[in-house]
Amino acid sequence: MSRDRVLWGATGLLRLMLILNIVCAAVFALALLLSWPMQDMLSARLTHKYGGMLDLDQAVLAIRMMLFVGIAGGVALHPIFSNLLRIVATVEAGDPFVDDNATRLARIGWALLALQCLDLAFGGVVRWISLLKLDVTSWTPSLGGWIAVVMIFVLARVFRIGARMRDDLAMTV
Amino acid sequence: MPVAVSLDAMLHARRMTLTELSEAVGITLANLSILKTGKAKAIRFTTLEAICRVLDCQPGDLLRVVDEGERGEDGI
């Protein structure tokens with residue numbers, strides 16, 4: 001039987017995103033670590049770009065906070081990709097309505113909730129950086145993300161009840 | 001749940017094999033074996049009706065409630 005193209009594509013994409021996420025988190029971690037030994041160089045670059053009126057200590061701290069939020073985001077994203085990969089594997093195996101998948105969905109829900117909280121923290125850092133008159137990306141709260149959190153928790157419950165119903169039907173003649 | 005299934009006795013009384021019953025009611029031999037050995041958790045009304053029609057009996061002839069420790073001639 002040929003492999004389902006959607007599942008094949010989803011598995012490939014999820015694996016790629018899992019690896020990219022690890023790489024990004026590692027780069028953020030490296031940048032954060034290097035921000036101490038290379039603080040003078042960073043301060044010089046900031047002074048060159050924004051002038052001497054800039055509060056350098058605050059600016060460097062804000063950049064470190066941004067990097068820290070990036071690392072935490074990577075940590076929160078990892079269980080989403082890994083659990084989704086396991087769920088897709090059960091779909092491929094032909095038995096997705098199991099209690100384990102309900103648990104995996106709940107884990108994804110908690111990870112999404114953590115990401116939403118980190119998004120709020122990110123918004124705070126962005127606001128802080130903009131107050132320091134540094135160039136920074138714009139930020140708006142993600143309403144869709146909060147809806148996704150609720151949706152995933154509801155789906156996890158649906159999966160759990162569905163798995164129990166299926167167990168009840170097992171050995172029914 | 002202590003419900004005994006007297007399918008084996010009924011098959012013997014009707015001089016019919018499980019394979020013949022399986023072909024007559026359109027239920028797999030594996031599922032009928034589960035029912036016969038008392039491993040089934042539940043039985044659908046449609047299954048019960050099909051078996052009763054082929055064996056010319058009533059549901060009460062196939063199923064009976066027994067005490068926890070009791071073992072019938074068929075599965076419990």
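Trainee: Let's start where the chains meet. How many residues of chain B are in contact with chain A?

Mentor: Contact here means heavy atoms within 4.5 Å. By that rule, eleven residues of chain B touch five residues of chain A. Before we go on, this is a predicted model, where local features need pLDDT of at least 70, side-chain atom pairs count only at pLDDT 80 or more, and totals for chains, interfaces and linings use all residues. Residues are numbered from 1 along each chain as its sequence is written, chains are lettered from A and ligands numbered from 1 in the order in which they are written, and side-chain values use heavy atoms, with hydrogens and water left out.

Trainee: Got it. How much area do chain B and chain A bury between them?

Mentor: The general idea first: the size of an interface is often given as the accessible area lost when the parts come together. Buried area is just that loss, taken with a 1.4 Å probe and summed over both parts. Here the two chains bury about 710 Å², with 61% of it on carbon and sulfur atoms. On the chain B side, B:Lys41, B:Ala42 and B:Arg44 lose the most area to chain A, together 55% of what that side buries.

Trainee: And which helix gives the largest share of the chain B side?

Mentor: Helices (H or I, at least four residues) and strands (E, at least two) are DSSP runs, numbered from the N terminus. Helix H3 of chain B, residues 29-36, brings the largest share, with three residues. As for residue types, that side has six nonpolar, two polar and three charged residues. In this scheme Ala, Val, Leu, Ile, Met, Phe, Trp, Tyr, Cys and Pro are nonpolar, Asp, Glu, Lys and Arg are charged, and the others, Gly among them, are polar.

Trainee: How many salt bridges cross between chain B and chain A?

Mentor: You look for a side-chain nitrogen of Lys or Arg within 4 Å of a carboxyl oxygen of Asp or Glu. Across this interface the rule finds zero.

Trainee: How many salt bridges does the structure hold over all chains?

Mentor: Five. Take A:Lys49 and A:Asp135, with N to O at 3.3 Å. A:Lys49 sits in helix H2 (residues 39-50) of chain A and A:Asp135 in the loop between helix H4 (99-131) and helix H5 (143-169), so this pair links distant parts of the chain, 86 residues apart.

Trainee: Is A:Lys49 buried or exposed?

Mentor: Buried means under 20% relative accessible area, exposed over 50%, and partly exposed in between (1.4 Å probe, protein chains only). A:Lys49 is exposed at 54%, and A:Asp135 is exposed at 57%.

Trainee: What about chain B?

Mentor: B:Asp8 and B:Lys36 pair up at 3.5 Å, N to O. B:Asp8 lies in helix H1 (residues 7-13) and B:Lys36 in helix H3, so the bridge ties together parts 28 residues apart in sequence. B:Asp8 is partly exposed at 33%, and B:Lys36 is partly exposed at 23%. Then there's B:Arg53 with B:Glu49, whose closest N and O atoms are 3.0 Å apart. These two are four residues apart in helix H4 (residues 45-55) of chain B, so about one helical turn separates them.

Trainee: Why don't B:Cys57 and B:Cys52 count as bonded?

Mentor: A disulfide is a pair of cysteine sulfur atoms within 2.5 Å. The sulfur of B:Cys57 is 4.1 Å from that of B:Cys52, its closest cysteine sulfur, so the two are too far for a bond. Over all chains there are zero disulfides. B:Cys57 is buried, at 8%.

Trainee: Last one: what does A:Thr172 touch?

Mentor: Leaving aside neighbours within four places in sequence, A:Thr172 is in contact with B:Ala42 and B:Arg44. A:Thr172 lies in the segment after H5 of chain A and is buried, at 13%. Its side chain also reaches the backbone oxygen of A:Leu169 at 2.9 Å.

Key
A polar contact is a pair of N or O atoms within 3.5 Å; within protein, one must be able to donate a hydrogen and the other to accept it, and residues adjacent in sequence count only if both atoms are side-chain atoms.
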